[in-house]
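Here is a short report for a reader meeting this structure for the first time. Start with the picture, then follow the text.

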Amino acid sequence: MAEPGKTIEELCEIKEKIVASYPDKVGKNRDKHIQVKGCTDAPSIDANAKTIPGIITTRGCAFAGAKGVVLGPIKDAVNLVHGPVGCSYYSWLTRRNLARPAEGGQSFLQYCCTTDMQEGDIVFGGEKKLMQAIREVHEILAPEAIIVSATCPVGLIGDDIASVSRQAEEELGVKVFSANCEGYKGVSQSVGHHIACNALMEHVVGTEELGDPTPLDINIFGEYNIGGDLWSIEPVLERIGYRIVSTYTGDASVHDLARAPHAKLNILMCHRSINYATKMFNDRYGLPWLKINYVGIEETARSLREMACFFGDEELMEKTEAVIGEEMARIAPEMERYRQRLEGKKIMLFVGGSRAHHFQRLSEELGMNVVMAGYEFAHRDDYEGRQILSQIRKKGMSKVVQDIQYELEPGFKPPLSEAELEEKNRQLGGHLLDYEGMISHMKEGALIMNDLNHHETELIIRELEPDVFCSGIKDKYVVEKMGVPSRQLHSYDYSGPYTGFDGALTFARDIDMAVSTPTIRFITPPWKDTEADCDA
Amino acid sequence: MAKSSVSTTNACKLCRPLGACLAFRGIEGSMVLLHGSQGCSTYMRRYISGHFREPVDIASSALSETQAVYGGAENLKQGIRNVVAKYAPAVLGVATTCLAETIGDDVGMAIAELLEEDPEMRAIEIIPVSTPSYSGGYMDGFRDSCVAILEKMASAEQSRADQGSGRIGRLNLFPGFLSPADIRYLKLVMAGFGLESMIVPDISETLDAGIGPVFSRIPAGGASVKDIRLAGSATASIELGLLNPAGQSAALLLERSLGVPARRLPIPMGIRYSDLLFEAICSVTGTPLPEKYQQERGRLVDAMVDAHKYLFGKRAVVYGEPDFVAALTCFLADVGVQPVVCASGGDGPEFRKTLEVLTRDLDETPEILVETDFSDIRFHSRAAAADLLIGSSKGNHIARDLDIPLVRLGYPIHDRIGGQRILHVGYAGALNLLDILTNTLIAKEQEHLGYGYSYM
């Protein structure tokens, strides 16, 4: 059962061991990406830095961030990938963002459309082919919008996809826009998120009116409906009385995205991928955002209460408390059963740009100790909070991709005056338009590792012997081959949803499954000494 | 018939560097580095891991804007150094991507510079392969990698030295991209004939490994460097799959450069093509067919007789790489199933010709789709009133749409487990396919029986 955790000194030694395992230059670099919470002389963590060639990280590219993450889930648009065949194929439903067609509408997520550039297109340019491909997509699939995204060669050969998209929009009378998210841009998928947010702001947001506004209209940002996450929290929000105008962008319609400025509050789940858009919404429409987290029971309840506090409506607050009370009472016995089974287990969370934070409280609610957490592609503010934003030195592509600077849209009436907003923020303890980052919520004596690579994964598993390691498919089998159970927190290992009250139970069940399955006991055969290499 | 549109909707092919990653995985102690942006390595690792459920480490030179403009040689060298420092591979494949190819990086020169700067790197076989994603598909990358490996490592000196030692009964086998279960079967066949063999690539262990007490970063198994160096001393080379151009044939390369006679055969799926394989082994080694395989063949024919009543006249759609489709078409024709659509994202005049010959005597001529996508395959499957689909997981949307079963074979299979353990080849593989196919059709029929469950 629970062992006493490592002391901060021991963890610092482990960190030194990792750093020493590299050639000098690489070691110096990695030193800045690893921190021990509670270690007094720790400098700020480095993040969003260049990937070291030959170090096997789990990071993706700008295309993966733009098309794969932000633009891909828009259900009634077709994503047309301009490039050779691979990138569209690899991003073909691989992120498990689910969608159901709206009544009378369509979902094109099953489609993977590409110009499949050939050598001739690389040499002579692919604009004509792209134009023809857009026409075909329009003619055959007739989506509500066509989104063109670029892969590596496009920027190199200078195909002007923005101009082709503009021409196509004029010719076909359907929304066509593009994202120059060539894979070589930036240091990871992160820059792709930013490129996609800018494209949405420029071409979609605010292009339609919301016909029937209600006082409790909200948007959910950074919710991609992985494994149905949206569908788990949506009924809870609706029961309380909220209406979701749009998500950004899980199960979203391009029309909902367009009408989103008319909501009263943006709640923000995945800070990393879409905080650019929430900021631009605030600049342009005076629409404030609130960082919430509906993974974990306490966090869901806290988020719902803060939302109710924002709207300040008595009835809403009562309804919120009633729903929280009902839901908690309903799932408490089962949560308790799982908590007893998982008490003291050591869990590692290495995922995403926000999820390693989101899943911490839930893990703790289940009695587990988070011994290591880290992000693949986060920035420093995801670790240390937005107060350090001004200190981040812009480098590489982050210099090139900037937020579009919006003034308040003329004639647009923000939901709250500045004075009202200030008062709200006071009531919310300054939480509006802010994110405290992951580190402040972590316990002393936990390791924080940014952009973990395969070599370090192995090392850290040997040193800290976790009971379960949560990451993605590229690490999963490494971890399992080492005899440690693993769950994917990108795809949820084809389970989920993990959000809200029911999602907490599903997560508990899945982690319990991982640590309780009898299968791992068989790694050591009965005729071998059972002490060796086997923690069971 | 070629694709009906300029755009590709739901592609039926995978990109070229993926094939290099798969091929190098079958060499002992090897690693691959993709010269390109970080995303390629991540996407390909994801796609290989998803099918095999194994760790797949692929390094990247992680090019960004600066290298896209000024060239990526320094990143490539640093990447190789870091992979060598942390993985100590015996063989390192360096495959290009569309980024590296478009900017025109000279990989050979960068490697030469590296060897100059770090002479200790000469102990490692660093093998570059050009795999631009905008040309061909993953089997091109796969075959090119096999050729590059042999070209680099099988030398004439080794070959002469070995002939001196009087080695006989040694075969080179180039199986193409088969499942680990297939490779294990072929190894048993070789052993059954009393042959020593070199299989390139040999993914039987590296992409279907057990959990052992000690985790090894580069999985055990694969064709050994020592064996590859001896390729020139083999009695003959047998290559499975013959629809790729001759320049992509490792067997022909060895014949040309080291005088090892080459036999190129179709993938031995189904009875007819399995017969070709066994005949070829018997003839190049001068040994009769071992009793075991005579029995295996007998069992297969017996099963085919049993199954014919469920299969005859059923209408099947087959899709995948050209060699895979041709072999499956042959198998279907032999068991009385009517192939109605034979489709590939690839092309080649040999492919069409082979299919035409294979299906010449059938009651119905199938629609042959080349350079196609799943959008066209869906259209033609519906038009042909198909009873079932055979191929990778990517046909699942069509299967749902048309309410017909999909028999998952080949690669990638990511919505079922066990893709790496499907035995496709030889008499045993044919038997396996026959059982899967037959039971799938029976299950479908039972589902729809108006009077409930019945003996079949």
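Of the 536 residues in chain A, 56% are buried. The model is predicted. Chain A holds 21 helices and 14 strands. Its radius of gyration is 23 Å, close to the 24 Å that the globule rule gives for 536 residues, so chain A is as compact as a globular protein of that length. Along the principal axes, the C-alpha atoms of chain A fill a box of roughly 75 × 65 × 45 Å. Among contacts in chain A with a separation of 6 or more, 75% join residues 24 or more positions apart.

**Domains of chain A**

Chain A is divided into two parts: domain 1 covers 1-59 + 341-396 + 432-536, and domain 2 covers 62-203. Their centres, taken over C-alpha atoms, are separated by 33 Å. Domain 1 of chain A gives 11 residues to the contact, and domain 2 of chain A gives 6 residues. On the domain 1 side, 2 residues are nonpolar, 6 are polar and 3 are charged.

**Where the chains meet**

How many residues does the contact between the chains take from each? Chain A supplies 63 residues and chain B supplies 53 residues. Several helices of chain A give two or more residues to the side that touches chain B, including helix 3 (62-71), helix 4 (85-90) and helix 5 (119-124). Helix 19 (454-464) and helix 20 (473-481) of chain A are also among them. Strand 3 of chain A is another of these elements.

**A sheet with strands from both chains**

Five strands form an open sheet, in the order 5(A)-4(A)-2(A)-3(A)-1(B), with mixed pairing. Which strands stand at the edges? They are strand 5 (175-179) of chain A and strand 1 (8-9) of chain B. Each has a single partner strand, so one side of each is left without a neighbour in the sheet.

Strand 3 of chain A and strand 1 of chain B run antiparallel, joined by 2 bridges. Here A:Cys113 has B:Thr9 as its bridge partner. Strand 2 (residues 77-82) and strand 4 (residues 145-150) of chain A run parallel, and 6 bridges join them. In this pairing, A:Asn79 stands opposite A:Ile147.

Helices also lie on the sheet. Helix 6 (residues 127-140) of chain A lies across strand 2, strand 3 (113-114), strand 4 and strand 5 of chain A. Helix 6 runs at about 160° to strand 2 of chain A. Helix 8 (residues 161-172) of chain A packs on the sheet too, touching strand 2, strand 4 and strand 5 of chain A. The direction of helix 8 makes about 175° with that of strand 5 of chain A.

**A loop residue in chain B**

Now turn to B:Thr287. This residue lies in the loop between helix 12 (270-285) and helix 13 (291-311) of chain B. Is B:Thr287 buried or partly exposed? With 14 other C-beta atoms within 10 Å, B:Thr287 is partly exposed. Leaving aside neighbours within four places in sequence, B:Thr287 is in contact with B:Phe193 and B:Cys282. B:Phe193 is 94 residues from B:Thr287 in sequence, yet 7.5 Å away in space, C-alpha to C-alpha.

Note on methods. Residues numbered from 1 in each chain as written. Chains lettered and ligands numbered in written order. Predicted model: local features only at pLDDT ≥ 70, side-chain atom pairs only at ≥ 80, totals over all residues. Pairing = 2+ DSSP bridges. Helix = DSSP H or I, 4+ residues; strand = E, 2+ residues; numbered from the N terminus. Contact = placed C-beta atoms within 7 Å. Axes fitted to C-alpha atoms, helices over the stretch in contact; angles between N-to-C directions. Domains from an automatic or database assignment. Nonpolar A, V, L, I, M, F, W, Y, C, P; charged D, E, K, R; others polar. Buried ≥ 20, exposed ≤ 12 C-beta atoms within 10 Å, placed from the backbone. Rg over C-alpha atoms; globule rule 2.2 N^0.38 Å.
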